[in-house]
Structure formats: C-alpha cells, structure tokens
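These are my notebook entries on one model, set down in the order in which I looked things up. The sequence and the structure come before the entries.

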Number of protein chains: 2
Amino acid sequence: MAAEQPNLINALEGAGERLTAPRRAVATLIDARAAHFTAADLLEDARARRLSLGRATVFRTLELFNEMGLLERLDLPNGEHAYVVCAPRHHHHVICSRCGRTSEVADLGLEGVLDDASSQTGYQIEDHRLELYGLCPACRGRTGGS
Amino acid sequence: MAAEQPNLINALEGAGERLTAPRRAVATLIDARAAHFTAADLLEDARARRLSLGRATVFRTLELFNEMGLLERLDLPNGEHAYVVCAPRHHHHVICSRCGRTSEVADLGLEGVLDDASSQTGYQIEDHRLELYGLCPACRGRTGGS
DNA sequence: CCTTGACGTGAGACTGTGTATCATCTCGGC
DNA sequence: GCCGAGATGATACACAGTCTCACGTCAAGG
C-alpha cells in the first residue's frame, strides 16, 4: 500500500532532473492527494504543512510533471483546471461527480469510434480526449439510500 | 445555403426570451464565425463593427445560449475556453488542430465503451465528454503537399 | 572544502478571463 | 405614452496562470 510515493521523485531522478527540496515537496503533496487537485489546492496544502513554496514553483513543477507524462491536466465541467497523477500510457479518466475522486481506465476500444468520426466528417483524427463522469463505487452506495 | 443565421435569434424568440439589440448582435457575431471563438473574440468583433456591447453582456448571452443548448463550451488543449454553436442533441466535436474549425459528429456508438469503462472501474457512468482533434479536409490537402 | 556557474526558486507585478454590483435603460404589454 | 420586469454596461473585483529578476542552492571541479 505504501511505497507508492517514490514514483514522482524517482521519475525526476531518472529523467536527469534536479532533485530539489521544492520539487520533493510538490511530489509529496501530490501523492498525499487521492483525487484530482488544482494548483491552488497544492498551495494551500503547502501552507498548512508550513512548507515554503512559491506559486510560480508549483506551476512550474506541475508543468514539468505534465511534460514527463506523469500528470495530466483535466478540464472539469465547471471550467476548473485540475491535475491527476497517471501512468504515461494512453488511457482515460473517470471522475466522480460527487467526491471528485478519479480513476484511470485502460485504453478502451475507441478505434472504431474514431474511424466512424473520421468518415463522418472527413477529418483525419489524430488525437482525442475522453473524460467520463459518474459516481464512484463508494458514492454509489451512499446515494442509493436517502 | 443562407438562411442559417436566424437559428439563434429564432431560438430566443421560441424560448420566450427577450429579443434585445445586444442579443441580436451577439447572435449575429456568432453566426459570422466559422470556427470556435472565445468571448474575447466576440468582443473584438463587436468593437470592429462599432457595436456597443459590454463584456458582461457577452458572457451572459453566451451562458444563455449555452443553457438553451445552442452553444457548447470547449476546453481547448491549450487551456482556452472556446464556444461553438451546435444542435441541441447529443454529439461530439472534432476540432481541426490547424485552423481551429470545428465540426459536429453525430452520436457515435459509445455505449459499449462506456459499459467497458463502467465494469473496469466500478463507476456508474452518467456523463461523458469526448473531443477529437485532427486535420479538417481542407488542411489535410494543404499539409499533404510540402 | 571552497569556488563557481548553471539552474531553480520565490516575491510580486502583470495579464487575461470570468463574475458581482448597481444605476440606468429598454422591451413589450397595457 | 406609461410602467414594471428584466437586460444592459461601466466598474470593481476575484482568481488563475505567467513573467521578471535578484537571490539561493545544487553539484561539478579545483
């Protein structure tokens, strides 16, 4: 269950990036988050833990992780920009519309769908983005009641 | 081929909304746009045409159309918020990554995909958002060359 | 161990988007 | 033409994200 945390830090080392205190801090804060988070969330967490972290640094580190494929930016329906940790392979996210928790879904068989879209529109589809919203198992149970 | 413009204005009338000059103006500006646009684009267009339109009004009108299902908000990969006119039925958008033009794609057979996602994660999928990026037919031709 | 250059950092200023406020104006029914 | 509901727009505001630049820190080399 533990031993999950070194992911981000390891990746930094492996990519030949400097392993500085602020970056470690950001990585730790991210790992402490179960669901998606915004830059502001991280800043707040940092303040709560008495870690000194500048806004700019958080944004820069987030961008760094994003470029390394360890983090993905989500556009929530309400227009917020959130981030989620994820594996660097193709996949999609399911976002719980109640608690905000996210899960990854392995690549679904979208090829057929993309082909359809391609022939319908004449576009040459190169990329896509699919976000799913629903209730996570925990919230499902809780909702069924009242 | 013409007679496309009254769409938005007609819809306002049909929905019992007030048909005011600023709303007409916004509707006209939107119809003059082939691709997606941002609120700022509209404001700029309005200024170019010497139409007096307040920022707030543009945002409000955009929101109104959005609620009426005539307009959809897109989150572009670069983080921008854009809008596109669209029919009030379920569909997705294909966005040309070169010229920004968008097309609608009728509902694709996503049900199977959603079921897969559901069983993989245990989530009860309630909604989804699919955006496709690629080259539109015109840009395809131009790119093929050099 | 100290020097040193490159890079990362952080405070704050800045930009741009979207929202709230509120006095004024307009629509459309009488 | 009058009136009330609702729309408008100027301004202020809140907030996200970026930029700048002086300073600090990392890690290689002497």
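**Entry 1. The strand pair across the two chains**

I first asked: how many bridges join strand E5 of chain A to E5(B), and do the strands run parallel or antiparallel? Eleven bridges join E5(A), residues 124-135, to E5(B), and the two strands run antiparallel. I note that this is a predicted model, in which local features need pLDDT of at least 70, side-chain atom pairs count only at pLDDT 80 or more, and totals for chains, interfaces and linings use all residues. Residues are numbered from 1 along each chain as its sequence is written, and chains are lettered from A and ligands numbered from 1 in the order in which they are written.

For the terms, I recorded that strands pair if DSSP finds at least two bridges between them. Helices (H or I, at least four residues) and strands (E, at least two) are DSSP runs, numbered from the N terminus. Within the pair, I found Asp127(A) opposite Tyr133(B).

**Entry 2. Relation of the copies**

I looked up how chain B is laid on chain A: a turn of 180° with a shift of 0.0 Å along the axis gives an RMSD of 0.1 Å. The two copies are thus related as by a two-fold rotation axis. In chain B, Leu130(B) has the C-alpha nearest that axis, at 2.2 Å. The superposition is by least squares on the C-alpha atoms of residues with pLDDT of at least 70 in both copies.

**Entry 3. The interface**

I then turned to the contact, which takes 34 residues from chain B and 34 residues from chain A. Two residues are in contact if their C-beta atoms, placed from the backbone, lie within 7 Å. On the side of chain B that touches chain A, at least two residues each come from strand E3 (91-96), strand E4 (102-106), helix H5 (111-121), strand E5 (124-135) and helix H6 (137-144). E5(B) gives the most, with twelve residues.

By class, this side of chain B has 16 nonpolar, eleven polar and seven charged residues. Nonpolar covers Ala, Val, Leu, Ile, Met, Phe, Trp, Tyr, Cys and Pro; charged covers Asp, Glu, Lys and Arg; the others, Gly among them, count as polar. I also noted that 100% of the interface residues of chain B are interface residues in chain A too, so the copies meet through the same surface.

**Entry 4. Helix H5 of chain A**

Which residues of H5(A) are buried? I found Val113(A), Ala117(A) and Thr121(A) to be buried. They cover an arc of only 50° around the axis, which puts them on the same side of H5(A); the arc is that of the directions from the helix axis to the C-beta atoms. An α-helix has 3.6 residues a turn, so residues three or four places apart point the same way.

On the other side of H5(A), Glu111(A), Gly112(A), Asp115(A) and Ser119(A) are exposed. A residue is buried if 20 or more other C-beta atoms lie within 10 Å of its own, exposed if 12 or fewer, and partly exposed in between, with C-beta atoms placed from the backbone. The buried residues of H5(A) pack against E5 of chain A together with E3, E4, H5 and E5 of chain B. Gly122(A), which follows H5(A), has a positive phi near 80°.

**Entry 5. The hairpin of chain A**

I looked up E1(A), residues 71-75, and E2(A), residues 81-85, which pair in the antiparallel sense over five bridges. Arg73(A) stands opposite Tyr83(A). The two strands form a hairpin with five residues between them, and Gly79(A) in the turn has a positive phi of about 95°.

**Entry 6. The surface near DNA strand D**

I recorded 23 residues around DNA strand D, the closest being Ala56(A), His81(A), Pro22(B), Gly54(B) and Thr57(B). A residue is near a strand if its C-beta atom, placed from the backbone, lies within 6 Å of it. Two or more residues each come from H3 (39-48) and H4 (55-67) of chain A and from H2 (21-31) and H4 (55-67) of chain B. H4(B) gives the most, with five residues. The surface near DNA strand D has nine nonpolar, eight polar and six charged residues.

**Entry 7. Arg23(B)**

Lastly, I checked Arg23(B), which is found in helix H2 of chain B. Arg23(B) is buried, with 20 other C-beta atoms within 10 Å. Not counting residues up to four places away in sequence, Arg23(B) touches Leu12(B) and Thr61(B).
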